[in-house]
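Please keep the sequence and the coordinates at hand while reading.

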Amino acid sequence: MKKSPLVLRQRRQHRKARHTAQRQAQRRAQRRTAAAAEPSRGQAVLYELCKTIHHFFPDLLERRRQVEDCRQKSDYTLVELLLAAIMLFVFQQGSRNALNNKRAEKKFKTHYERLFKLRLPHLDTVHRVLCRLPDTELEPLKHSLVKTLLEKKVLHKYRLFGRWFVVAVDATGVMSFSEPHCEHCLHRTSTTGKTTYQHQVLEAKLITASGLAISLATEWIANPAGEYDKQDCERKALVRLAAQLKQQYPRLPICLTADGLYPYQGFFDLCRQYGWAFILTFQDGNLPTVWEEVQGLLPLTPAQRRHERRYHGATATDQTFRWLNHLDYGGHTLAWLEGVEVVTPQKKGRPPHSRFVHLTNLTVTAITVVELSRTGRFRWKIENEGFNTQKHLGYGLEHK
Ligand SMILES: [Zn+2]
């Protein structure tokens, strides 16, 4: 019997609906498997972290066990306390309270303990122990971790001209008070007569073009106990920091980068003594004899110029470099280099051009000038990647 067109149409519709439903179910299943295989961002970060730790520092926890146990009485091992302190920063919780709240979540605690095979202590306990732990106990740990990276040549590809490890030196305030806090406080009285008390550190950080900033040495800028003539300052602390750096990394070829505070005789002497290179920010008029020589020589050396143009989408960046070698300053041979950058079309609110001037003890040529200028400029990374990250991007270096 011939089926009516109505029945045929209904059958066709049913078949179509069945196929659609099957396809949808298939897709749902595919998505489910993909989701199960693809971890969340947090899981991926943790996985990479564990992988990195195991690859580079397989004995990390063992090394921490070597840190002398200075606790008086605590249920937790020092390794557990130190790991919690590190994870407070790795998880970017922003405060000890925030991690304590996470700790109260059963799921978080279970995962943490399963992952690290260590318990997660209350962060106030961690704080108490760290306050008592002398920094001389932790410094060797930091040193041994960096040494591992250097021995495994992980950072070698970032060297300047295949030779120099770039180390940025910079000071930052870590605590500030309106009342005297201790006898080592630095104090400053403003023009309004208000005195503030603060603590600063001077840090030497190995920096890379990829954005890493790895702390090599730290020196407190702090006044001595009792009477003193002049307060401690960044330049005095630099002498101590440099000695520390040289003692810990005697054969490391270091190129120091630092801001406009550092072009002075003592700094040049120090670098010569230790065999280090340097690239310093140079402000016009600073070191008057050098500045005068630069102004006199520039019109005579028009050939020492290089121009570069790079495109990034619709924006063009023009960079013009100029340089001078063999400038004498107190028995040191310095080189001066300038980079002027113009971005077209000009971005709203930006100056028409930016200018970067540096002093170095390396020889500047048409080939090296771009790299030298770039290295001098990425010193700001120590502020952005280092201190800024520690203080603001969830690490909360300054608060509880
Ligand atoms: Zn103090």
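Which residue stands opposite S354 in β10?

## Strand pairing

In this predicted model, the residue that stands opposite S354 in β10 is E341. Strand β9, which covers residues 332–344, pairs with β10 in the antiparallel sense over seven bridges.

Strand β10 itself runs over residues 354–360 and is also paired in the antiparallel sense with strand β6, residues 277–281, over three bridges. There, L280 stands opposite L359 in β10.

## Packing of two helices

Helix α4, formed by residues 78–90, packs against helix α7, formed by residues 123–132, at an angle of about 110°, and their axes are 9 Å apart. Because angles of 65 to 115 degrees count as roughly perpendicular, α4 is described as roughly perpendicular to α7.

On the α4 side the residues that meet α7 are L81, A84, A85 and L88, while α7 contributes L123, T125, V126, V129 and L130. By class, the contact of α4 with α7 holds eight nonpolar residues, one polar residue and no charged residues.

## Nonpolar cores

The largest nonpolar core has 51 residues, and the members that touch the most other members are V167, V169, L241, C255, L256 and W336. Apart from that core lies another, of twelve residues, including A84, Y112, L123 and V129.

Once its neighbours within four places in sequence are left aside, V167 is in contact with A204, K205, L206, L216, I254, C255 and L256.

Conventions. Residues are numbered from 1 along each chain as its sequence is written. This is a predicted model: local features need pLDDT of at least 70, side-chain atom pairs count only at pLDDT 80 or more; totals for chains, interfaces and linings use all residues. A nonpolar core is a set of buried Ala, Val, Leu, Ile, Met, Phe, Trp, Tyr and Cys residues joined through C-beta atoms within 7 Å. A residue is buried if 20 or more other C-beta atoms lie within 10 Å of its own, exposed if 12 or fewer, and partly exposed in between; C-beta atoms are placed from the backbone. Two residues are in contact if their C-beta atoms, placed from the backbone, lie within 7 Å. Axes are lines fitted to C-alpha atoms, for helices over the stretch in contact, and angles run from 0 to 180 degrees between N-to-C directions. Helices (H or I, at least four residues) and strands (E, at least two) are DSSP runs, numbered from the N terminus. Angles under 35 degrees count as roughly parallel, over 145 as roughly antiparallel, 65 to 115 as roughly perpendicular and the rest as oblique. Ala, Val, Leu, Ile, Met, Phe, Trp, Tyr, Cys and Pro count as nonpolar, Asp, Glu, Lys and Arg as charged, and the others, Gly among them, as polar. Two strands pair if DSSP finds at least two bridges between them.
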